[in-house]
Amino acid sequence: MKRIVIAILLSGMVQGAFAQQVEIKGTVRNATNQEAVEFANIVLQTIDSTFVTGVSTNQEGYFALNKIDAGDYRLVLSSIGYQTQYITLNGVKQNTNLGNILLEDAAIALEDVTISGSNQISRSDRKLVFPSERQMKVSTNGVNLLQELMLPRILVNPMNNEIGISGGGELQLRINGVKADINEIKTLRPSDIIRIEYHDNPGLRYGNAEIVLDYIVRRPDTGGSFGTDLSQGVNAMWGNHNVFGKVNHKKSEFGVSYFMGVRDFYGGYRDNEEDFHLADGTHLRRVEQGDPDRIMLFMHNMNASYNYQASENSLFSATFHMYTNNWPHGDYKGTLYNVNDRTDMVNMIDRTKSSLTRPSLDLYYQYNLKNKQTLVFNLVGTYNREKSHRIYQESLDNEVLTDINNDVLGDKYSLIGEVIYEKQFSKGNALSFGLQHTQSYANNEYRNGHNYDTRMRQGNTYMFGEYHGKANKLDYRFGLGLTRFYYSQSGKDGHSQKYNVNPKIVLHYTFSDRSFLRWKAEGFNATPSLSDLSAIEQTVDSFQIRRGNPNLESYLCYRTELTYEWKKGIFYSNLYGSYDYRPNAIMDEKYQEGNKIVQTWDNQKDWQKLSGRLMLRVGPLWNMLQVSFTGGVNHYMSHGNKYSHTYTNWYYEGQASFNYKRFSLFWQMNTNWNNFWGETLTGGENIQMLGVYYKYKDLRIGAGAFNLFTDNYKVENENWNRYASYKTKMYIKESSRMFLVNLSYNFSFGRKFKNIQKMVNNSDNDSGVMSTGK
């Protein structure tokens, strides 16, 4: 009897214990399209916010919390790109099915969220990229963080201190919308970066930019940040050195950064094969066999900035930039010989020294009006001063046969003014208008046996309107711009003026959170540079003359693109195709004139390009390894007034990043992306980069190598003209198997707050001076 009573009591206790254990489950969906939200974070807390347990939703958005004690709870549901949902659960005593839980889209801030994987949210005009905790941990600044992210088309080239786009094109860098360059990106601490906005479909207000990278960062209210990033070659005189600092006081922020780049190589040379057909019937095939000579370059870039945020609705910023590029040695030497008669031989030297000084001042003001309206004013003044001196000589037995001296002094002044109005509506709809005017003045002196003085004026006015709307899963954008181009040159009668209409349409269809399809079609304006318009000529060598063309006209370019993106878990893919058509494109041409060949530019028939590209990325694997591969093809069709050429270029790019504790390993390889324009093939670079780093708190040290598996670095260029073709190979021996060491230290102090973001980016990087060399 006693045993029966005990058994009954134990049975009741077990049943009572199990009665206290319940399950809470549900399914998380997107409130807009009812799609399942995968990998959402589900956290169960007590009423006083004490953590109890947590899970993530599966691919169907489903979650289940098991073995939960009866009681009162709060359920917190969150996911990148959605408003956090809070559900109070009072008196939970039995299994509970919450059914479908809808999450609303959110304006992304994420200032205090730790991301465990590399997360990207795709919008119709951009991607919101949130660096993972792993990527932040191994990075010391915004540049090497960008390397870790492996974004489509973005190439980081530490050898040239550049962030660029595969195959060229305009890339805009920003920090909270404020114009920036790579040296300012290096000042950013990864822990201060909230996200990177990758605009791969920028609107009309960005002009002809193909990609915009905007770093959204926190700003200290007090304190500041200081740091340095130093890279130095071990077996070659090569270096990139940065120092920087920012100080914050109440509503003001003061910043300064300085970059110095040094290149001093003694192994630079070129091999060149030229084929001349002169008007008198002479055919000469000449080969230049180069000998190593000196290439020296000093780059300096200083930025000083101040911004003042009077309130949450206004922002003023002023930035002074000073860029200098001093090239005391661009020296080539070698032997020229006639292929058909090796005894017909001369010695050749081609030495160029040049300098460029470019100060600029950027003034910006933004005011946020009521009802989600924004006004932006921007004014940028730039002065370009360029000097160059070139000596080209051909000699035999100490007798100079050809002696060319070209001296150029150029001064260019420009002023860019812009105003933008934007109105945000509900559901992400927006309307914007803008007006921009650029005015340039150039005064250039050319001395080469003839004295040429040019005085040129150029004006470019651009106005646009754009509407961004949304209908269920379809995002759309319609824009229309109007461009006026004006040009005049002293000594020439009259002036040139032309108007162009710039339409743009974008359709973006979202299949799910994992995939989308986007189609874009646009027309944009291209204007001749002041250097191409110059009514002067420069002697290149004993057979060739370069001559400007003041009759060039601006022209309209047309492009259509189709992009498909798919991602799931650690897998990401991006498939892209495009077609470019540019009628009346300004391209090079050559023609016979007496016993000389004249190089010049003209509005040719058209230029076309078909492109295809596939990017695949996997990672992070085991939270340590991420790899990406991109392969593509470009097919060029160049139709001149007197020539027609086609060219096809295949290329690929690969990257890998491996991180373990405080160590990281990075590898990158790019094959030639060659560009064909007019009659000239401009070769890309075969680049290999390998680096290993160790990070401890705010300090990172490392070692790396450029082109480790190549015995000689070279770039190849060709011209296919029927009168004067050439094939040139440029070599820099020190750029092969070059080893370097790196030290990066970056620290900050102060509390954080969110500031207004600057929206526009204007600059003038055209010096307006015609090149003198080959």
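Me: Which residues does K504 touch, not counting residues up to four places away in sequence?

Reply: This is a predicted model, in which local features need pLDDT of at least 70, side-chain atom pairs count only at pLDDT 80 or more, and totals for chains, interfaces and linings use all residues. Residues are numbered from 1 along each chain as its sequence is written, and side-chain values use heavy atoms, with hydrogens and water left out. Contact means heavy atoms within 4.5 Å. On that basis K504 touches N201, P202, G203, L204, E466, R477, F478, G479, K520, A521 and E522.

Me: Is K504 buried or exposed?

Reply: Buried means under 20% relative accessible area, exposed over 50%, and partly exposed in between (1.4 Å probe, protein chains only). K504 has 6% relative accessibility and therefore counts as buried. Buried residues make up 53% of the 774 residues in the protein chain.

Me: Which backbone oxygen does the side chain of K504 reach?

Reply: The side chain of K504 comes to 2.4 Å from the backbone oxygen of P202.

Me: In which strand is K504 found?

Reply: Strands (E, at least two residues) and helices (H or I, at least four) are DSSP runs, numbered from the N terminus. K504 belongs to strand 29, which covers residues 496-512. The protein chain contains five helices and 48 strands.

Me: How many residues apart in sequence are K504 and R559?

Reply: They are 55 residues apart in sequence, and their C-alpha atoms are 9.6 Å apart in space. For the protein chain, among contacts between residues at least 6 apart in sequence, 64% join residues at least 24 apart.

Methods: Polar contact = N/O pair within 3.5 Å; in protein donor to acceptor, adjacent residues only side chain to side chain.
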